[in-house]
Amino acid sequence: MIKKFKLFILVFIVALVIPILMPTTNKNVKAYTNNDIVFYGNDISKWQGDVDFTKMQAVSDFVIIRVGYGTKIDENFITYMQNALKTKINVGVYLYSIASTLQEVVNEANWLVSILQENGFDDGDLTFPVYFDYEEISFIESKTKKENTDMINAFANVILNAGFYPGVYMGASSFNSYVNADDLVCDVWIANYFGSNNVSEFSAKYNNSHSRVKMWQYADGPYTSGGTSITSHLKNTVEDHGVSSENIDENFCFVD
């Protein structure tokens, strides 16, 4: 009887502990201040030229690499992925979409999955999401909020079914005006440049503290505003990031 009771207590404790230890997805994170920043990182495409990922890893926590444009592969994608994975930097990917219909979105998403799988990149290699870069203004503005939300979710569902974690990248104005954020099935990465990397200003300016917003692209640094040079990231130069281009996008991530 005592042994059975001890076994019952053990099972009960395990039942309580397991949910605490298990990772959660789509956390209800809200970004209000710079204290909410978990990671700093960059996104790159062929326009960044040669990249020294050892240097990048020394100053950045993650990199999001462009897979392609529509269904045309980025000429540096394979090399970037292979070299990035040799370092300890966290890796995600994105696809710049030129889809104007749901079927075209599904085609792009399936193509992206095939590129990852054919080159041996699986969900274990990606510690950041597979992003749908949805920023073609003419397509977005021609649709209703529901239609744009359906476009994003169509992409996300293909990615989910393939075993990857989906996200969407959008400009702040498009996200606020043309999407039903509460109906999205994926995380959101917002681009919003206004000459500051202050999270409280970001949240106040566009009210982008929606629980789906997990990343903020705050600069294509270094850059100028009104003729004044702005240091977007206080510690590191473009050269410190190991890229041969003159600029690099900078991002804050608000969730582990």
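Reader: Which side chain does Asp74 meet in a salt bridge?
Author: In this predicted model, Asp74 forms a salt bridge with Arg66, with 2.9 Å from N to O.

Reader: Are these two buried or exposed?
Author: Asp74 is buried, and Arg66 is buried as well.

Reader: How many salt bridges are there?
Author: The count comes to four. Among them is the pair of Lys214 and Asp187, whose side chains meet at 3.0 Å, N to O. That pair links distant parts of the chain, as Lys214 belongs to strand E8 (residues 213–221) and Asp187 to strand E7 (residues 187–191), 27 residues apart. Both Lys214 and Asp187 are buried.

Reader: And Glu75, what does its side chain meet?
Author: Glu75 meets Lys46 in a salt bridge, with an N to O distance of 3.8 Å. Glu75 lies in the loop between strand E3 (72–73) and helix H3 (77–85), while Lys46 lies in the loop between strand E1 (39–44) and helix H2 (53–59), so the pair ties together parts that are 29 residues apart in sequence.

Reader: Why does Glu75 count as exposed?
Author: Glu75 counts as exposed because its relative accessibility is 62%, and the cut-off for exposed is over 50%.

Reader: Let us turn to Asp133. Where is it found?
Author: Asp133 is in strand E5, which covers residues 130–133.

Reader: What is the nearest side chain of opposite charge to Asp133?
Author: That is Arg66, at 7.0 Å. Asp133 is buried yet has no salt bridge, because a salt bridge requires a nitrogen of Lys or Arg within 4 Å of a carboxyl oxygen. Arg66 does have a salt bridge with Asp74.

Reader: Which residues is Asp133 in contact with, then?
Author: Setting aside neighbours within four places in sequence, Asp133 contacts Tyr94, Leu95, Tyr96, Ser97 and Tyr169.

Reader: A change of topic: how many disulfides does the search find?
Author: The search covers the whole structure and finds zero disulfides. As for individual cysteines, Cys186 is buried, with a relative accessible area of 1%, and Cys253 is also buried, at 2% relative accessibility.

Reader: Where is Tyr40, and how far is it from Trp216 in space?
Author: Tyr40 has its place in strand E1. From C-alpha to C-alpha, Tyr40 and Trp216 are 9.8 Å apart, although 176 residues separate them in sequence. Tyr40 is buried, with 6% relative accessible area.

Reader: What share of the contacts joins residues 24 or more positions apart?
Author: Of the contacts with a separation of 6 or more, 73% are between residues 24 or more positions apart.

Reader: And the overall make-up: how many helices and strands?
Author: The protein has eight helices and eleven strands. Of its 256 residues, 47% are buried. The accessible surface is about 13,000 Å², and carbon and sulfur atoms account for 53% of that.

Reader: Finally, what is the mean pLDDT?
Author: The mean pLDDT is 85, and 82% of the residues reach 70 or more. Over residues 1–27, however, the pLDDT is below 50, and this stretch has eleven contacts in the model beyond near neighbours in sequence. Where pLDDT is low, the predicted coordinates should not be read in detail.

Terms used: Residues numbered from 1 in each chain as written. Predicted model: local features only at pLDDT ≥ 70, side-chain atom pairs only at ≥ 80, totals over all residues. Heavy atoms only, no water. pLDDT = per-residue confidence, 0-100. Contact = heavy atoms within 4.5 Å. Helix = DSSP H or I, 4+ residues; strand = E, 2+ residues; numbered from the N terminus. Buried < 20%, exposed > 50% of the residue type's maximum accessible area, 1.4 Å probe, protein only. Disulfide = S-S within 2.5 Å. Lys, Arg positive; Asp, Glu negative; His and termini not counted. Areas by Shrake-Rupley, 256 points an atom, 1.4 Å probe, with all protein chains shown as cover.
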